[in-house]
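Subject: Structure handover and what was found in it

Dear colleague,

Here is the structure I promised to pass on to you. Please open it beside this message, so that you can look up each part as you read.

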Amino acid sequence: MSKIMGMRGFLTSSIGVSSVGVTCAAALALPLTVPATAAPARPVGGRAVASAVPGATQSLPLVPLTRDRASGAVSEQGLHRDHVRPFSLVGVVWDDPGTELHGHVQVRTRAAGTGGWSGWQDVETHNADHGADPGTADGSSGRVRGGTAPLWVGDSNGVDVRVRADDGTDGTDGTDGGKGAERPGGGGRAPLPSGLRLELVDPGDEPPPAGPPADVPSAGTLQEAEAAASAVNTDLAPFAATEIPALGRAETEMQLLALRGDQLTEAQRSKPHIGPRPRIVTRRGWRADESLREKGFVYTQKIKAAFVHHTASGNNYRCSQAPSVIRGIYRYHVRSMGWRDIGYNFLIDKCGTIYEGRAGGVSKAVRGAHTLGFNAASMGIAVIGSYGRTKPSSAAVKAVAKLTAWKLGLYGANPRGKTYLRSGGGNLYPKGKNVRLNVISGHRDGYATDCPGKRLYAKLGSARSTAARYQGR
């Protein structure tokens, strides 16, 4: 009990009182060792430490390959490179985020180890539905681009890509991961978006094993952005922790009282409904390069719902590679698509490991860019992989249940219940409409898309009942 009470004294009461909007990182409950007045772009504590994370993005313009005989418009673009700098993740982007790519994107890659070429792989073309709500800072920065979903291809050093406009015979683009959209004018070959570029992402080396406690850095040895990203989790774990450890039920309930006790009813205090906190790998744990994202964090008032996604990045990864996959997605979201940070609040690999996504604190109501129109008052959880045809692992589904039981429990939400969210605008619900949704919903419930894939979507009922059981309901 003394250990629990000591923990309570260390926790902050930031949940439930987060302000809406971009907040200066220096004002976010930083530990006393971090100066609140640290100058921007200077190392915290005045000492620079080499902490840059390796990785790079190659952005290559596509070239015309084929023209439509009737209109003369370019109907296919592509690129072939036998040798490029190493990369592991690919995607295609274009200039206007409001323009859809009506067609097919396929890539094949040359393995760096063997020199052999893969077969052609489809790239999911519908990815805008994972974006920010219209009119928000995330979506109106002027740097946002349209883009496909990223595809994990492993260590590669050669690439072949082709982008073909749909021929207009069926009104849809026929890809597996998203619902097709009718072309303007209803038929005929739609033009390809302007400014098509191939993005080749090198996520950097695999993370090294965590060092002993003596190797944990202090606030004064980290750059400001790194310190801020760690500081917002000090209500749950020591500063610069690579993971937030799991807690038992009793400790989790005590933590809930410490965080939100003054906002709970007497009944909620006497019998809180919250699942035991699961282990979560922090951004420092998967080696996020904090210099990539924009400074500061964006919050909403509370978390009323969780939207489950798949990353549509393919299933050809080992669980030990998951941190690299996440770093690749992060770099693609920020550098290639122009978002302020990775879009998802959490990611889960097929072995059931949970990872912190967008920076701002895993216990806090961080506004993501995951479900266009419904990013306010919600969180986005992405299971790494593609689950249109592939069944998700039981470990991943169980992790969804554990995470939602804990995080929704912090905000008093019942995983088996319903809630109302106001649409920020999308292709299913107009802006301003109050929509009744499951507290644990699939992405497709808020936007016309196949995400999170029909095989993962079919498991959400199980995730809801399991999460409710973890909460003691």
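Which residue in strand 4 does Val63 stand opposite? Before the answer, please keep in mind that this is a predicted model. Val63 stands opposite Gly78, and the two belong to a pairing in which strand 3 (residues 63-67) and strand 4 (residues 74-81) run in the antiparallel sense over four bridges. Strand 3 and strand 4 form a hairpin with six residues between them, and in that turn Gly72 has a positive phi of about 80 degrees.

The chain as a whole

The protein chain has eight helices and 20 strands, and buried residues make up 56% of its 473 residues. If you take the contacts between residues at least 6 apart in sequence, 79% of them join residues at least 24 apart. The chain exposes about 19,000 Å², of which carbon and sulfur atoms supply 51%.

The nonpolar cores

The largest nonpolar core has 66 residues, and those with the most contacts inside it are Ile280, Phe346, Ile348, Leu403 and Trp406. Helix 6 gives the most to this core, with 10 residues. For a look at one residue in detail, take Leu403, which, leaving aside its neighbours within four places in sequence, is in contact with Pro278, Ile280, Phe346, Ile348, Ile354 and Ile381. Apart from this core lies another, of 22 residues, among them Val161, Ala165, Leu192 and Leu198.

Two helices to look at

Helix 2 (residues 224-231) is mostly covered, since seven of its eight residues are buried. These buried residues are Glu224, Glu226, Ala227, Ala228, Ala229, Ser230 and Ala231, and they pack against strand 13 (297-299).

In helix 8 (residues 460-470), the buried residues are Leu460, Ala463, Arg464, Thr466, Ala467 and Ala468. They pack against several elements, namely strand 14 (305-310), helix 6 (394-410), strand 19 (434-438), strand 20 (440-442) and helix 7 (454-457). After helix 8 comes Gly472, whose phi is positive, near 80 degrees.

The disulfide

A disulfide is a covalent bond between the sulfur atoms of two cysteines. The count in this model comes to one disulfide, formed by Cys319 and Cys351, whose sulfur atoms are 2.0 Å apart. The torsion about their S-S bond is about 90 degrees, so the disulfide is right-handed. Cys319 lies in the loop between strand 14 and helix 5 (322-336), while Cys351 lies in the loop between strand 15 (346-348) and strand 16 (354-356), so the pair ties together parts that are 32 residues apart in sequence. Why does Cys351 count as partly exposed? Its relative accessible area is 48%, and partly exposed covers what falls between the buried limit, under 20%, and the exposed limit, over 50%. Cys451, by contrast, counts as buried because its relative accessibility is 1%.

The salt bridges

The structure holds eight salt bridges, and I describe some of them here. The side chains of Asp235 and Lys364 meet in a salt bridge at 3.0 Å, N to O. This pair links distant parts of the chain, with Asp235 in the loop between helix 2 and strand 11 (243-244) and Lys364 in the loop between strand 16 and strand 17 (378-383), 129 residues apart. Both Asp235 and Lys364 are buried.

Arg279 forms a salt bridge with Glu243, and their closest N and O atoms are 3.0 Å apart. Here Arg279 sits in the loop between helix 4 (266-270) and strand 12 (280-281) and Glu243 in strand 11, 36 residues apart. Arg279 counts as partly exposed at 38% relative accessibility, and Glu243 counts as partly exposed at 32%.

Arg283 forms a salt bridge with Asp341, the closest N and O atoms being 3.3 Å apart. Arg283 lies in the loop between strand 12 and strand 13 and Asp341 in the loop between helix 5 and strand 15, so the pair ties together parts that are 58 residues apart in sequence. Arg283 is buried, with a relative accessible area of 1%, and Asp341 counts as buried at 3% relative accessibility. Salt bridges that share partners join Arg283, Glu290, Arg293 and Asp341 into one network.

With best wishes

Conventions. Residues numbered from 1 in each chain as written. Predicted model: local features only at pLDDT ≥ 70, side-chain atom pairs only at ≥ 80, totals over all residues. Heavy atoms only, no water. Buried < 20%, exposed > 50% of the residue type's maximum accessible area, 1.4 Å probe, protein only. Contact = heavy atoms within 4.5 Å. Disulfide = S-S within 2.5 Å. Areas by Shrake-Rupley, 256 points an atom, 1.4 Å probe, with all protein chains shown as cover. Core = buried A, V, L, I, M, F, W, Y, C linked by side-chain atoms within 4.5 Å. Pairing = 2+ DSSP bridges. Salt bridge = Lys/Arg side-chain N within 4 Å of Asp/Glu carboxyl O.
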